[in-house]
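Please keep the sequence and the model in view while reading.

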Amino acid sequence: MVDHIVYYLIIFVLAIFVGYHVVWSVTPALHTPLMSVTNAISAIVLVGAMLAAGPAAFDWGGWVGVAAVVLASINAVGGFLVTQRMLEMFKRKEPAAKRAGGH
Amino acid sequence: MSANQVALWYLVASICFILALKGLSHPSTARRGNLFGIAGMVIAVVVTLALVYSHTKNVGMILAGIVVGGAIGVVVARRVQMTQMPELVAAFHSLVGMAAVLIAISAIHDPGAFGLPVPLPSGNRLELFIGTFIGAITFSGSVIAFGKLSGRIRSAPVVFAGQHWLNLILALVMIGFGIAFFLAGDASKWPPYIVMTAIAFVLGVLIIIPIGGADMPVVISMLNSYSGWAAAGIGFSLNNPMLIIAGSLVGSSGAILSYIMCKAMNRSFVNVILGGFGAEPGSVAAGGEQKTVKSGSADDAAFVMGNAESVIIVPGYGLAVARAQHAVKEMATKLRAKGVNVRYAIHPVAGRMPGHMNVLLAEAEVPYDQVFEMDDINGEFGTTDVALILGANDVVNPLAEQKGSPIYGMPILEAYKARTVIVNKRSMAAGYAGLDNPLFYMDKTMMVFGDAKKVVEDIVKALD
C-alpha cells in the first residue's frame, strides 16, 4: 500500500506544475493583483487555524488557534478585497478607451 | 460531514483558486477570476466550519476570530493607497507566516484537534518543522521588508563581515534542533522546537537586512513565494491536500515573479539574496569632465509635444512619489485631443513591486490599452517623435548596452532612439545603480528640472 505522504507528494508536484503554467499566462500588467490574490489564497491556512481554534477541550492551544484565525482572516478578506479594488480600476478604462481611440 | 465529502469540497475550492489565477491573463477576465478566488475561500471556510461543528460543536471562537480578522481586513483594504501596495502585501505575507507558526504550535500541543494521531508521528513532526521554519522566516523577513518599504527603517542594505557565514551556521544549527525535535520523545518535544523557531525568526531578519531598496521587487516576490511554501508545509503536516495545492500555486507564482524581476534587472537571484547592492543610492560617480545638459522649461516641453505626432511616456517611481499620475493622465488627454498618439511604456521594475506602475496608472484612469510592456513597445521608439521620461533613470540608461558598465545586459526601454527626448528629474542625482546616464547629455535631449507633478501641471497649462 502506498503511504499517505506519497499521495501528498504527487498532489504537491502536480499543483506546482499547474501553478507554473497558469502564472506564466498572467499578463505583466496584472502582476500586482496577481501578488495580492496569491497572498489572499495563501490565507487558506485559515482552514488549519480553524481546526486549531475548535478543539474538543479548549485550552491555551485553542487560544493560539484563535490568534491564527484572526491573522489569516485579515489576510483572506483584506487580500481579496484589495485585489477587487485594484481590478475595478482596470475596468473603468474600457469605455474611456473607446472614446480616446477614435482618431 | 464525512471526510470524503470534505475532501471533495476542498477539491472544488482548489479549482476555484486555479481559475482565480487563470483569470488574470487579461484585465477583462480578471474580476471574474477574483470572484472565483473568493468563492473558493468561502467554500473552504464553510466546509471546515461544518467539519469542526460535527466533531466538537466548538465553533464560537472560530466565528469570533473570523469576524474580528475580517473586519480588520475590510478596513485595511479600503484605506490603503495604491502607492502603499508593496507595504500592504509585505504586511499580509507576515500574517500568513505567523499564522503558519501558530497553527504548528497548536498542532504539536494537541494533534487530536486536527485528526492527527496522538502522540504525533515523527513524519508529521518533520513536516511541522519545515512548515514552522518557513513560516517564521516569512514572518520576520516580511516585517523587515515592510519596514524598509514604508520607510520605518532605512532601506539601505545592512552588511557586515562574516554575514553569510553567520547565516549558514544559524541555518545548520536550526536544522540540528529540527532533527532533535524530530527524534525527541513526546515529553521533551518543546525545547528543541522553541529553539528552532527562535532561530528561524532571527534568520528571517538576517536574510532581508542586506538587501537594498532597489531590490525590493525581488524580495517581495520571494516572500510571496515563501508564504505559499509555508502554507504547503502546514498542509503536509496536517494531511490537508487543499493547503498543499493552494500553497504550491502561491509558491510557484512567487518564484516566477522573482525570476521575472531578476531578469528585468539582469541580476542573478543569488546575487540579489547575498545583498549589498545599491549601498549608497544617489552617489554620483562625478568624473573630472564637465558634461553639459540642455535644459528647458515646461512651456518648451509643451510646445515640442504639442507639435509631435507621437509621444511615448516613460513613467518611473519618481512619478508615483510625486503623485503626478493624475496630472500625467490630464496631459495625455490634452495631447490626444490635439491628435497626438500618446502611449505609455512600462519597465518591469518601474515600481516597487511587479506590475506596480500599471496599477498606479490604472488608478489615474489611464486606459490599459495605451499602456505597453517593454518588449511590446521597444521597437516603436525609433519612429516616435518624443520620449517623455518622468522620474525614471536606470531603466532608460543606454550604458546598459555598453560592455563593461555595471548595468551591462539589463534590458532597458530604448527611449534614446526617439527623435527628441524630454527628461524630467528633480536634480542631476544618479539613480539606484549610482550611475551617470549618457541619455541626459545627448544633443536631442532636453532636461526639465523640477518636481514631476509641478512640471506636468505646468505642461498641461501650457497646452491650453
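Of the contacts in chain A between residues at least 6 apart in sequence, 61% join residues at least 24 apart. The model in which these contacts were computed is a predicted one. Chain A contains four helices and zero strands, so that, by the definition of these elements as DSSP runs, its order from the N terminus on reads α-α-α-α. Of the 103 residues in this chain, 59% are buried. The chain exposes about 4,200 Å², and carbon and sulfur atoms supply 73% of that area.

The discussion now turns to the nonpolar cores. The largest nonpolar core has 189 residues. Among the residues with the most contacts inside this core are Ile44(A), Met305(B), Phe381(B) and Ile459(B). Helix α4 of chain B, residues 85–109, contributes the largest share, 16 residues. A second, separate core consists of five residues, including Tyr8(A), Phe12(A), Ala232(B) and Phe236(B).

Ile313(B) also belongs to the residues with the most contacts inside the largest core. Residues up to four places away in sequence not being counted, Ile313(B) touches Val328(B), Met331(B), Val342(B), Arg343(B), Tyr344(B), Ala345(B), Leu388(B) and Leu390(B).

A further site lies in the loop between β5 (420–425) and β6 (445–449) of chain B, where Asn437(B) is found. Is this residue, Asn437(B), buried or exposed? Asn437(B) is buried, because its relative accessible area is 0%. Its side chain forms a polar contact of 2.9 Å with the side chain of Asn393(B). Neighbours within four places in sequence aside, Asn437(B) is in contact with Asn393(B), Val396(B), Asn397(B) and Pro398(B).

Definitions and conventions. Residues are numbered from 1 along each chain as its sequence is written. Chains are lettered from A and ligands numbered from 1 in the order in which they are written. This is a predicted model: local features need pLDDT of at least 70, side-chain atom pairs count only at pLDDT 80 or more; totals for chains, interfaces and linings use all residues. Side-chain values use heavy atoms; hydrogens and water are left out. A nonpolar core is a set of buried Ala, Val, Leu, Ile, Met, Phe, Trp, Tyr and Cys residues joined through side-chain atoms within 4.5 Å. Buried means under 20% relative accessible area, exposed over 50%, partly exposed in between (1.4 Å probe, protein chains only). Helices (H or I, at least four residues) and strands (E, at least two) are DSSP runs, numbered from the N terminus. Contact means heavy atoms within 4.5 Å. Accessible areas come from the Shrake-Rupley method with a 1.4 Å probe; for residues, only the protein chains shown count as cover. A polar contact is a pair of N or O atoms within 3.5 Å; within protein, one must be able to donate a hydrogen and the other to accept it, and residues adjacent in sequence count only if both atoms are side-chain atoms.
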